[in-house]
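User: Could you walk me through the charged pairs and the surface of this one?

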Amino acid sequence: MSYKALYRTYRPSTFEEVYGQQHIVKTLSNAIKENKIAHAYLFCGPRGTGKTSMARLFAKALNCEEGFGKQCNHCTNCTSITDGTHPDVIEIDAASNRGIDDIRDLINKVKYAPIRGKYKVYIIDEVHMMTSEAFNALLKTLEEPPANVVFILATTEPFKLMPTILSRVQRYDFSKVSDSNLLANLKRVCEKEGVTFEEEALKLITTLSDGGVRDSLSLLDQAIAYSGNELTTSVVQELFGLSTTEEKLNIISQINKGDIIGCTSKLNQLVEHGVDIKRLTSDLIEILKDLLIYKTTKDASILKMINDEQATSLKIHKVNVTKMIDVFVETYSQYRFVTNIKSLLEIAFIKLASFCTNTENVEEQEVVVKKVVKKLVEVVEEPTKVVKEAPKVAVQEKPVEVKKVASNVPEFKDEGDSYLLSEQDTINLMLQGDKIEKNRIIESWSKLDDFFASEDLGKYATTLKKCYPRIVSKNVLVVDTSFVSVANKVRIKENQKGFSTLVEKITGKEFIILVLTSQESIERVQKFSNLRQANKLPEPYPVNIQL
């Protein structure tokens with residue numbers, strides 16, 4: 001008999017064997033107990049989180065010969081559903097059966113009664129791949145199918161589905177499985193397969209699988225095939241091109257010391273050994289996050305990537321740690337826009353090495369806070385006091401410069417009427433984007449730091465600092481941000497005057513400031529790319545944004 005992959009061998013056969021997704025298991029189980037079976041379901045979420053497996057388990061529960069809601073895995077119905085041969089459980093891959101003719105054939109067969117079970121179950125995988133015509137043909141049947149028919153739609157991209165489809169289904173959102181559940185499952189599989197393992201090796205596989213059960217088992221299968229029945233940490237690192245924690249700590253230490261040659265040489269060495277740059281950047285962020293948490297709380301129990309001994313050994317100021325996190329997060333977000341991501345990471349290394357070795361950065365930030373507080377106290381307590389010139393000291397400190405702004409800037413609002421940038425207007429702005437002007441604005445973006453202490457524009461500056469310029473077209477600047485709360489504040493119409501004034505001061509030109517979340521930005525860039533590849537980009541129209 002041919003070899004069966006681990007993710008197929010250890011696919012859950014009952015609701016009780018499902019790892020994670022307990023909220024979905026409980027809801028479906030209760031619906032079956034109370035005989036409240038909907039006519040259509042939408043299972044959506046990241047790949048490998050159990051959408052298709054859950055659909056099959058639900059089909060078993062509807063058709064098990066031992067009773068409604070059972071999953072005996074012994075009766076003819078259960079075993080044939082597991083094997084994929086049950087005549088009443090029809091699985092359709094919408095990626096290859098996406099046209100209107102395929103759906104018409106499905107609709108013609110829906111009216112026939114089940115052959116063997118109580119329910120006919122149609123499982124349509126990757127349903128977002130269906131054409132608009134196919135969706136429209138399915139609408140009526142999806143809304144009012146025969147009483148003994150259940151549709152289960154599965155997709156990783158629910159936002160691509162038509163609203164008319166979404167309104168006709170019960171939606172269940174699958175989440176990524178926790179690392180602890182993935183690790184427990186990997187241990188169980190290794191024990192059943194007779195594989196000896198180092199726990200750290202399984203933890204690495206868990207991290208690589210990014211919350212996907214199927215991915216974790218596929219990676220484990222690959223590692224076992226490579227190493228035999230003895231799974232070690234070094235084998236996993238060698239197979240998947242991973243760097244050790246010590247190597248990553250060494251890079252952070254070299255950056256902090258300003259050793260540009262050392263950290264870039266180490267990066268070249270890791271790349272030559274097949275290390276994934278995106279994974280390396282992500283791991284550096286996680287280590288620095290752990291380090292910042294430890295420096296703040298001194299609680300080693302919440303550390304994930306490093307231990308307390310490693311955290312203590314890194315003699316890095318909190319200001320430098322915070323700066324490293326900011327730069328690496330921004331670098332990671334830029335990877336999707338460039339082809340040579342290695343050069344982008346090298347630039348980040350050089351930028352951080354220069355920052356960390358400039359002691360004025362740490363001292364200046366601490367001095368600024370103290371001086372601003374002192375000046376505020378003096379203004380409040382003794383407004384008429386003439387402050388004498390401070391005596392000169394050996395170490396020269398930069399004076400605190402508070403930017404003065406016109407008093408007509410409105411007070412920063414945390415809530416109010418908002419303006420949401422539509423997908424159509426976003427694509428129109430992309431069509432007329434000015435790359436030269438965008439690069440000029442990006443170069444000026446660091447000037448936002450000068451306004452943090454400004455009485456009028458301070459909140460506007462700190463908010464906009466968490467955003468990044470994405471599109472510049474005519475008099476419109478579109479930024480994006482990873483924080484939904486930040487996006488909501490930029491969208492408030494009453495804040496527009498403040499943001500526009502601030503951007504004019506750092507760029508010399510007045511703009512309307514619009515914002516997208518990072519997720520919205522990714523989706524709309526993808527939409528633009530798809531339209532361009534299909535040669536279906538719309539004709540540009542005049543940019544006329546009215547807030």
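Analyst: What follows covers salt bridges and then a surface patch. This is a predicted model, in which local features need pLDDT of at least 70 and side-chain atom pairs count only at pLDDT 80 or more, while totals for chains, interfaces and linings use all residues. Residues are numbered from 1 along each chain as its sequence is written, and side-chain values use heavy atoms, with hydrogens and water left out.

User: How many salt bridges does a search of the whole structure find?

Analyst: The search finds 21 salt bridges, each being a side-chain nitrogen of Lys or Arg within 4 Å of a carboxyl oxygen of Asp or Glu.

User: What does K176 pair with?

Analyst: K176 forms a salt bridge with D210, with 2.9 Å between the closest N and O atoms. K176 lies in the loop between β5 and α8 and D210 in the loop between α9 and α10, so the pair ties together parts 34 residues apart in sequence; helices (H or I, at least four residues) and strands (E, at least two) are DSSP runs, numbered from the N terminus.

User: And where do K187 and E199 lie?

Analyst: Their side chains meet in a salt bridge at 3.4 Å, N to O, and K187 lies in helix α8 while E199 lies in helix α9, so this pair links parts that are 12 residues apart in sequence.

User: New topic: which residues make the nonpolar surface patch?

Analyst: F337, V338 and V525 make a patch of about 200 Å², where patch residues have over 30% relative accessible area and no salt bridge, with like charges joined within 9 Å and nonpolar side chains (Val, Leu, Ile, Met, Phe, Trp, Tyr) within 5 Å. Accessible areas come from the Shrake-Rupley method with a 1.4 Å probe, and for residues only the protein chains shown count as cover.
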